[in-house]
Amino acid sequence: MLKASALFFGKWSFPSTIRGSIYPKPRLQYSRFATAAAEAYNIEPSTDGDSSHVSEEYANVNWDGLGFGLTPTDYMYIMNCSKGQKFSQGTLTRFGKTEMNPSSGILNYGQGLIEGLKAYRTRNERILLFRPEENAMRMQMGAERMCMSSPTIEQFVNAVKQIVHSNRRWVPPPGKGTMYIRPLLMGNGPDLGVAPASEYTFVTYASPVGNYHKGALNLVVEEKFRRATPGGTGGVKAITNYAIIYKPISEAKAKGFTDVLFLDAVTGKYVEEASTSNIFVVKENVISTPPTNGTILPGITRKSIIEIARVLGYQVEERAILVEELFDAEEVFCTGTAVVVNPVNSITYQDKRTEYKRGVGTVGQKLYEILTGIQSGCIEDEMGWTVELD
């Protein structure tokens with residue numbers, strides 16, 4: 001049973017102590033999920049106008065066929081700076097190729113960081129972002145770890161706003177997808193020695209996208225390869241974190257699995273995360289997720305789900321999770337910018353397959369509906385999470 005402390009007075013209501021403290025990400029299936037959330041929790045749907053669209057030009061895209069891939073848009077945003085200096089005023093330029101020195105730090109030594117966030121179109125054609133400041137701060141943390149210059153929070157947010165505004169016609173219609181925004185920070189100077197780059201480039205581009213995964217998630221626990229080690233870069237969005245997981249993912253998919261679930265590098269006994277998402281385990285009224293102790297990325301969606309779950313009265317534990325605990329879990333779901341809140345159908349470990357609850361009435365579904373309802377503008381945002389594009 002949910003605790004009585006989760007209070008709803010006709011609207012989606014949160015304690016003031018956490019108001020504005022989290023930020024989510026979505027999979028847009030607006031009215032059905034918003035209505036379900038409103039009925040289940042007495043949430044007042046947003047008065048976002050009627051469902052008819054304000055007349056607006058859209059790009060020539062098959063919105064019903066969107067997958068999670070690159071669809072080139074009109075513009076990208078670029079800023080540059082030298083080592084130890086501040087980033088200059090950025091410029092919008094047509095989306096396309098960029099010049100790079102063959103000796104640049106990102107090409108030779110992997111000195112680069114990425115971020116990922118989304119823009120959402122509401123039913124009355126507003127465009128919403130979700131706390132891009134969180135992504136800006138995470139990039140700054142990563143830049144400090146990677147000895148890189150980084151944009152200020154204001155510069156980062158401005159770049160995001162400009163790229164969405166200039167590519168507005170590429171933001172999918174309500175319920176058809178989202179615009180995925182990719183900020184990229186890279187070492188880009190004429191350097192040869194193993195040292196921080198002498199120049200840095202910050203690029204932001206965007207693409208309309210659909211769901212990251214199609215259908216149910218069937219994971220396999222990876223017992224040979226490790227994603228991150230203590231003292232490494234697992235806790236930041238370094239580009240070097242991703243190529244190293246291609247091999248285990250490829251092997252897993254060849255065996256019919258959707259993705260892999262990595263274990264800790266020290267003991268090989270504890271669950272860490274999937275290839276591009278955090279993981280949550282549900283048993284009764286307790287939701288558990290591994291702590292972000294330096295080897296796990298502190299996901300913004302992860303943070304959002306933890307906060308929402310606690311408001312709803314669930315007991316949330318950030319703790320080490322033994323892989324054997326997966327056998328007894330009732331539900332498992334993954335969270336991330338791309339995957340949003342994605343239920344796991346099964347996890348296979350040492351040839352033992354365990355299946356989990358999914359769908360209507362599950363904890364993961366409830367959290368997903370509230371999260372995406374707020375993100376899509378279908379549930380009134382009293383948290384102050386959304387940022388409307390001017």
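How many cavities of 30 Å³ or more does the count come to? The count comes to three, where a cavity is a set of points, on a 1 Å grid over the protein atoms alone, at which a 1.4 Å probe fits but cannot get out. The model is predicted, with local features needing pLDDT of at least 70 and side-chain atom pairs counting only at pLDDT 80 or more, while totals for chains, interfaces and linings use all residues. Residues are numbered from 1 along each chain as its sequence is written, and side-chain values use heavy atoms, with hydrogens and water left out.

The largest cavity holds about 50 Å³ of space, a volume being the space filled by probe spheres set on the grid points, which are joined across faces, edges and corners. Among the residues that line the largest cavity are Phe 333, Asn 342, Lys 357 and Tyr 368; lining residues have an atom within 4 Å of a point. Two or more lining residues come from each of β14 (331-336), β15 (340-349) and α8 (363-375). Helices (H or I, at least four residues) and strands (E, at least two) are DSSP runs, numbered from the N terminus. By class, the lining of the largest cavity has five nonpolar, four polar and two charged residues. Here Ala, Val, Leu, Ile, Met, Phe, Trp, Tyr, Cys and Pro count as nonpolar, Asp, Glu, Lys and Arg as charged, and the others, Gly among them, as polar.

A pocket, by contrast, is an open set with protein on both sides within 12 Å along at least five of seven lines. The largest pocket has a volume of about 1000 Å³. Its lining has 46 residues, and Phe 68, Ile 114, Tyr 180, Arg 182 and Tyr 212 lie nearest its centre. Elements giving two or more residues to this lining include β6 (178-187), α6 (246-254) and β14, but β7 gives the most, with five residues. The lining of the largest pocket divides into 22 nonpolar, 16 polar and eight charged residues.

Helix α8 also packs against α7, at an angle of about 110° and with the axes 10 Å apart. Axes are lines fitted to C-alpha atoms, for helices over the stretch in contact, and angles run from 0 to 180 degrees between N-to-C directions. The two helices, α7 and α8, are therefore roughly perpendicular; angles under 35 degrees count as roughly parallel, over 145 as roughly antiparallel, 65 to 115 as roughly perpendicular and the rest as oblique. In the contact (heavy atoms within 4.5 Å), Thr 301, Ser 304, Ile 305, Ile 308 and Ala 309 of α7 meet Leu 367, Ile 370 and Leu 371 of α8. These residues divide into six nonpolar, two polar and no charged.
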